[in-house]
Amino acid sequence: MARLDPHSYNDSTQPETETLDWKARVDFRTRRLHAEATLTLKEASAGPLDLDTRDLDIRGVVDAQGRPLPYILSPPEPILGSRLRIELPAGVKQLTVRYRTSPEASALQWLSPPQTAGGQQPFLFSQCQAIHARSVVPLQDTPRIRIRYRASLRVPKQLKSVMAASFVGREEHGVEAEEHYEMPQPVPPYLLAFAVGSLTSKELGPRSRVWAEPEALEDAADEFAGVDDMLKAAESLFGPYDWERFDLLLMPPSFPYGGMENPRLTFLTPTLIAGDKSLVNVVAHELAHSWTGNLVTNASAEHFWLNEGFTVFAERRILEALAGPEVAALHAALGRRSLDEALHHFRAHPQLTALRTHLSGVDPDEAFSQIPYEKGYLLLRALEDAVGRPTFDGFLRRYLAKYRFQALTTEEFVRFTEEELPGALAKVDADAYLNRPGVPESAPRPASARLEALEKLRGKVPTQADTKDWTPTEWQLFLESMPVDTAKDVFRELDAKYALTASRNSEVLVAWLVAALRAGFDAPLGRAEEFLGEVGRMKYLKPLYSVLASSRDHRKVARAAFEKHGARYHPIARQGVELILARA
Ligand code: BES
Ligand code: ZN
């Protein structure tokens, strides 16, 4: 027996799933999916087949002829869930599991109408990365195994489903509609994704449309109007786009991430709707995953940096192509700040600050941080600087070509890079990035004229002339760099002059609220409380709850806000906030 992924019961000596046929009826009343999953294996082999499940109510397992197959559902383990072991007789290549999901399925959030933009219809969405697919479908939930799938969703007739797959058609039967999908490209299970709600769409370009609730559609279409230019820029950097379509789905506010790279249909937080396209780097990031992550995939959560570090690198290359090197450098500087903060946060767990992690017994959601993103980015930047851009671009193309539609480990990355760029890893001390905590002193530092100008204003109130050309990113950097001991008068003056408490840009607003509250300037406290009821994105909830919880005066405010809004947060976000409050 060989279990290669610490987060899956998959045994690499057993046959692999080739295709999934999934049928589910979406029941908003009981908050369950009544479902059937047919797995077709690459080869028949008599013996046990171990699948991952979490909180599934298994009704039965049958072969292609409908004959029952014996199975054992083990008691749940805290991180992995329950192993479903099916005994396969000789010659059986296909099996069907009939089951229903739990109302608490960790991949699903069921929203009541008031939690949506329109307020009239319920909404359901999935978020499977890293190891939540198993709470929706019994399968080999490891990115080492890729599947093609077909799916049918039965939903209330007045609603529309969308899926990270190609739409095949819709039929209506009485009060229900059945919608069919097909995913022809093989994908790791964490990329299985769907949503159901009152959804409409608008074309953005020949390969893209945006889906949103009707109330939010026009603003979303304006914000993301540049997506086709982004696709073209990305293709000229990384090669042809392999997924045919790049559609966007604007999520309800409780979506816990900024974006999720579900293939053909990226999910995006509504906090990106700033009115000025200033937050579209998140779209660039999710688009970049079409190459780094979705095409070339980390072999397990222990190699997550291969997904995210490469994607941040690719995201900033896209930004550089579209907006210039100054803008890319500002983002790199923001990244370096968030990296230093994450290193500080994980100072008691230095082993989690190496890029290559060891996660047996560790929940990937708890190990999540900016480290794989930004330390990974720095390693790739260091390599690019060491060999020069043209050579590095060639390397990147060959990496993508060699591992396309496959998963790889950090160790395979090292072997490949050693062959392709002999000596480069040693030159940048890659081992320090990959296997040691912290960041090497020699790591690249973002440098640019705009950054230097910002540095001079640190802790001061800038004049209108200083800020005349500032982008929201500069505001964010300026605010994040404010010294903790900045005088309250500086905050008062800043708000009076620049109305930061009223900012529509969520990044600027959160940077402002955190800087002000941390320094003891309490005027924006009310806005902070209000904002905690408006969003569910963890990137904002965590720092806001942390800064409130760290002050004796505000701890009560934090607890009360969580009491009031916690039930509406996504379960993953709720867990994150609970941890912050418990430690306070
Ligand atoms: N794939 C991630 C989101 C994710 C990571 C979900 C791990 C679940 C587990 C996505 O691509 C991402 O990184 N989103 C960022 C965007 C940012 C880096 C531009 C986010 O949500 O903030
Ligand atoms: Zn990402």
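Reader: How far is a polar side-chain atom of E261 from a nitrogen atom of ligand 1?

Author: A polar side-chain atom of E261 and a nitrogen atom of ligand 1 are 2.6 Å apart. Keep in mind that this is a predicted model.

Reader: OK. And which polar backbone atoms are close to ligand 1, say for G258?

Author: A polar backbone atom of G258 sits 2.6 Å from an oxygen atom of ligand 1.

Reader: How much of ligand 1 does the protein cover?

Author: On its own, ligand 1 has 520 Å² of accessible area, and the protein covers 91% of that.

Reader: Which residues come nearest to ligand 1?

Author: There are 16 residues around ligand 1. Q129, G258, E261, E286 and Y373 come nearest.

Reader: And what classes are in that shell around ligand 1?

Author: Six residues are nonpolar, six are polar and four are charged.

Reader: Which helices or strands supply at least two residues of the shell?

Author: Three elements do: β18 (259-260), α3 (281-288) and α4 (304-323).

Reader: Which one gives the most?

Author: Helix α3 does, with three residues.

Reader: Is H285 buried or exposed?

Author: H285 is buried, because its relative accessible area is 7% and buried means under 20%.

Reader: And E308, buried or exposed?

Author: Also buried: E308 has 2% relative accessibility.

Reader: Let's go back to Q129. What is the peptide bond from Q129 to A130, cis or trans?

Author: That bond is cis, with omega near 0°. Q129 is also one of the residues that come nearest to ligand 1.

Reader: Where is A130?

Author: A130 is in the loop that runs between β9 (123-126) and β10 (147-156).

Reader: Which phi value does E244 have?

Author: Phi of E244 is near 65°. That is a positive value, and E244 is not a glycine. The residue is in the loop between α2 (227-238) and β17 (247-250).

Reader: How accessible is E244?

Author: E244 counts as partly exposed, at 48% relative accessibility.

Reader: And what is the phi of F405?

Author: About 55°, positive again in a residue that is not a glycine. F405 sits in the loop between α8 (389-403) and β21 (406-408). With a relative accessible area of 22%, F405 is partly exposed.

Reader: Last one. Where is M538?

Author: M538 is in helix α18, residues 538-549. M538 is buried, with a relative accessible area of 9%.

Reader: How far apart are M538 and G438 in space?

Author: Their C-alpha atoms are 24 Å apart. In sequence, M538 and G438 are 100 residues apart.

Definitions and conventions
Residues are numbered from 1 along each chain as its sequence is written. Chains are lettered from A and ligands numbered from 1 in the order in which they are written. This is a predicted model: local features need pLDDT of at least 70, side-chain atom pairs count only at pLDDT 80 or more; totals for chains, interfaces and linings use all residues. Side-chain values use heavy atoms; hydrogens and water are left out. A residue is near a molecule or strand if one of its heavy atoms lies within 4 Å of it. A polar contact is a pair of N or O atoms within 3.5 Å; within protein, one must be able to donate a hydrogen and the other to accept it, and residues adjacent in sequence count only if both atoms are side-chain atoms. Accessible areas come from the Shrake-Rupley method with a 1.4 Å probe; for residues, only the protein chains shown count as cover. Helices (H or I, at least four residues) and strands (E, at least two) are DSSP runs, numbered from the N terminus. Ala, Val, Leu, Ile, Met, Phe, Trp, Tyr, Cys and Pro count as nonpolar, Asp, Glu, Lys and Arg as charged, and the others, Gly among them, as polar. Buried means under 20% relative accessible area, exposed over 50%, partly exposed in between (1.4 Å probe, protein chains only).
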